[in-house]
Amino acid sequence: MPKARLLSGIQPTGGLHVGNYLGAIQNWVRLQDEYECLYSVVDLHAMTIPYEPGEMPARVFEAAAMLLASGIDPARATVFVQSDVPEHSELAWILSCVTPLGELERLTQFKEKSEEHKKSVNLGLLSYPVLQAADILLYKAEVVPVGEDQVQHLEISREIARRFNARFGPVFPEPRALLTRTPRVMGVDGQAKMSKSKGNGIMLRDEPAKVRALLKTAATDPARVRRQDPGNPDVCNVYTMHKGLSTEATLARVDRECRTAAIGCIECKTLLADAMVPVLDAIRTKADGYDREPARLREVLSRGAAHCREIAGRTMDEVRRATGLRRS
Ligand code: TRP
Ligand code: SF4
């Protein structure tokens, strides 16, 4: 049985954080054997909000280095940069012609981003999900691991596939979402999802002392005010991070002792730091290796792009034929 094809993408934000790792990358690493995986650094998506062109190459390099340093293995999975495969943009245009405008305008992320970047609400921000659908459909990927904030986008991808097929014939499978185990890691402030731009994250490059200091400040179960109050791990972001990093034994202990106030939050955070620091150390060491020898990373990305262009070319042939763009 050939493996089902899987695709996911990550934005080159400049520095990845523990939320990216636990919410996405860790899961991507686990999926490498089960699926034929394509992992993309989506620089075209990153153009939808204001950015400095001179900084983009380093941002893309950093995101790709972090994927490999976190355990994505180029011998088993394909890692590529979205803009290295021009067919993404080409297919996005064609798909935009079967995408209902009203549905794009209703999407939460569009509403949030256009509110956040009031002065530069561009068409790309609105058609962002169409480009995402192109990312997926270009490879006829059947499985897409995403966090819960991307479920709406995936629904649009499915709808676009259906509409395309209904209009032009059966070209695309409908991709399905694979929800991650720790879907929503909040920032250390506990106020918003962990994000680089909000400055509430633990970055994958942070040194041990910084990691420990940040965790000390991390928000916990808001109802647990005093040491003797019992807590609820289900509503605690520290526990969410434990789930991605700690052993089953530690998880069971924290879950039990938090509810009876046998363990305090300070000790609980120390246990978390003890689990997190070695993981980040390993990532940082490996990423430093790519910084020293960037050619190794470039080689991986150029092989990835070549592989993807081959698949993309075949799909575009079919799309051109189905849509009547191909003149014989
Ligand atoms: N929109 C996704 C995010 O912000 C990134 C992304 C782009 C993606 N293209 C994709 C995710 C295709 C899955 C599949 O997280
Ligand atoms: Fe959260 Fe741990 Fe404190 Fe419980 S003991 S509230 S899981 S930090």
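Okay, quick ground rules: the model is predicted, so local features need pLDDT of at least 70 and side-chain atom pairs count only at pLDDT 80 or more, while totals for chains, interfaces and linings use all residues. Residues are numbered from 1 along each chain as written, chains are lettered from A and ligands numbered from 1 in the order written, and side-chain values use heavy atoms, with hydrogens and water left out.

Let's start with ligand 1. It has 13 residues around it, and the closest are G9, Y128, Q132, D135 and Q150; being near here means having a heavy atom within 4 Å.

Now the polar contacts, meaning pairs of N or O atoms within 3.5 Å. A polar side-chain atom of D135 sits 2.6 Å from a nitrogen atom of ligand 1. For the side chain of Y128, an N or O atom is 2.7 Å from a ligand nitrogen, and for Q150 that distance is 3.1 Å.

Who gives the most to this shell? That's α7, with 4 residues; helices here are DSSP runs of H or I with at least four residues, numbered from the N terminus.

On to the second largest pocket. It's lined by 17 residues, with A92, S96, L123, S127 and V130 nearest its centre. A pocket is an open set of points on a 1 Å grid over the protein atoms alone, where a 1.4 Å probe fits, with protein on both sides within 12 Å along at least five of seven lines; lining residues have an atom within 4 Å of a point. Here α7 turns up again, giving the largest share of the lining, 7 residues.

How values were computed:
Helices (H or I, at least four residues) and strands (E, at least two) are DSSP runs, numbered from the N terminus. A polar contact is a pair of N or O atoms within 3.5 Å; within protein, one must be able to donate a hydrogen and the other to accept it, and residues adjacent in sequence count only if both atoms are side-chain atoms.
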